[in-house]
Amino acid sequence: MAVEKRALFHSPWLPYALLLPQVVVTLVFFFWPAGQAVYQSLLIQDPFGANTQFVWFENFTELFNDKLYLASFKVTAVFSVLVAGLGLSISLVLAVLADRVVRGAALYKTLLIWPYAVAPAIAAVLWMFLFNPTLGIIAYWLKQRGVDWNYLIYDGQALTLVVIAAVWKQVSYNFLFFLAGLQSIPKSLIEAAAIDGAGPLRRFVTIVFPLLSPTTFFLLVVNIVYAFFDTFGIIDAATSGGPGQATEILVYKVYKDGFKALDLGGSAAQSVVLMFIVITLTVVQFRYVERKVQY
């Protein structure tokens with residue numbers, strides 16, 4: 001007869017004491033700043049916060065009448081889809097290839113993990129040097145093949161640069177989870193399918209990928225949040241939102257308008273809109289995409 005193991009708390013306060021640190025961190029570093037942002041979005045303030053005026057939703061009205069702000073929605077959408085889509089696809093391919101390596105597997109896996117230790121701004125600088133129109137090796141190679149490369153001038157090239165840097169930075173994180181997921185799949189299932197005559201592609205589509213769906217769903221949520229928020233350092237170091245507003249995603253516009261233009265109320269309103277978008281996307285993913293996940 002199997003004995004069920006349970007954790008017994010002899011003190012009625014111990015479970016709450018264990019939860020308290022996480023609750024405090026959530027309240028202090030999420031709910032309090034979020035509440036402050038919502039409050040400030042209803043105000044017009046001078047740069048030093050000495051004079052404030054309550055204006056209700058005027059900041060939001062001005063935002064959605066601003067063509068530059070609306071353009072940043074399109075840039076963010078394209079950027080996020082590319083970063084999440086390419087990051088997940090490349091990571092999955094690398095994880096599948098690394099899982100099949102027998103000799104030197106530890107070396108390959110270590111090299112694939114290293115980029116995650118690089119700070120976003122450093123990653124941006126590395127790729128800036130490679131794609132620099134004057135000194136970059138990749139830029140020189142492109143020009144030798146007739147490509148007029150100059151990300152400082154052309155919008156599409158600037159967006160391409162920041163997407164490459166952001167994907168490269170995130171591939172290692174995704175790779176770790178995909179590799180762990182692949183190694184947790186029972187080899188007997190793969191061998192049984194191979195004996196039944198299923199080829200490598202069919203085994204992957206019908207067995208491997210469905211069993212990876214929980215990992216894929218988790219990484220999809222993480223990568224969307226990463227593209228919206230954690231790529232700020234890459235954008236700031238590589239292009240500063242330029243040329244023009246070609247790479248000015250929503251999170252960078254919040255910083256630009258708040259810390260450079262000193263429009264505190266408008267910046268707070270943008271942060272509220274951005275927070276609402278990310279929360280909505282996360283809820284939609286859990287509500288609809290998770291239905292296809294096989295646990």
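What follows is a chat about side-chain features in a predicted model.

Student: Hi! Let's talk aromatics. How many aromatic pairs does a search of the whole structure find?

Tutor: Hi! Searching the whole structure gives 20 aromatic pairs. Take Phe57 and Phe60: the ring centres are 6.2 Å apart and the planes make 50°, so this pair is tilted.

Student: Why is 50° called tilted?

Tutor: Planes under 30 degrees apart count as stacked and those over 60 as edge-to-face, so an angle of 50° falls to the tilted class.

Student: What about Phe217 and Phe286, how are their rings arranged?

Tutor: Edge-to-face, because their planes are at 85°, with the centres 5.0 Å apart.

Student: Which helices do they come from?

Tutor: Phe217 belongs to helix H10 (residues 213-230) and Phe286 to helix H13 (residues 264-287), so their pair ties together parts 69 residues apart in sequence. Phe217 is buried at 6% relative accessible area, while Phe286 is partly exposed at 42%.

Student: Nice. Where does the charged end of Arg287 sit?

Tutor: Over the ring of Tyr288, at 5.4 Å from the ring centre.

Student: New topic: salt bridges. How many turn up in the whole structure?

Tutor: The search finds 4. One of them pairs Lys256 with Glu248, at 2.9 Å from N to O. Glu248 also forms one with Lys253, where the closest N and O atoms are 3.8 Å apart.

Student: Is Glu248 buried or exposed?

Tutor: Buried, with a relative accessible area of 1%. Lys253 is buried too, at 5%, whereas Lys256 is partly exposed at 27%.

Student: What else does Lys253 bridge to?

Tutor: Asp257, with 3.3 Å between the closest N and O atoms. Both residues lie in helix H12 (residues 250-260), 4 residues apart, which is about one turn of the helix. Asp257 is buried, as is Lys253. Through shared partners, the salt bridges link Glu248, Lys253, Lys256 and Asp257 into one network.

Student: Which helix gives the most to it?

Tutor: H1 does, with 10 residues. Helix H1 (14-40) and H13 each supply at least two residues.

Student: Last one: where is Gln170?

Tutor: Gln170 is in helix H7 (residues 155-183). With 5% relative accessibility, Gln170 counts as buried.

Student: What does Gln170 touch, leaving aside neighbours within four places in sequence?

Tutor: Its contacts are then Val222, Asn223 and Tyr226.

Student: And how far is Gln170 from Leu27?

Tutor: They are 28 Å apart in space, C-alpha to C-alpha, and 143 residues apart in sequence.

How values were computed. Residues numbered from 1 in each chain as written. Predicted model: local features only at pLDDT ≥ 70, side-chain atom pairs only at ≥ 80, totals over all residues. Heavy atoms only, no water. Phe/Tyr/Trp six-rings, centres within 6.5 Å; stacked < 30°, edge-to-face > 60°. Buried < 20%, exposed > 50% of the residue type's maximum accessible area, 1.4 Å probe, protein only. Lys NZ or Arg CZ within 6 Å of the ring centre and 35° of its normal. Contact = heavy atoms within 4.5 Å. Salt bridge = Lys/Arg side-chain N within 4 Å of Asp/Glu carboxyl O.
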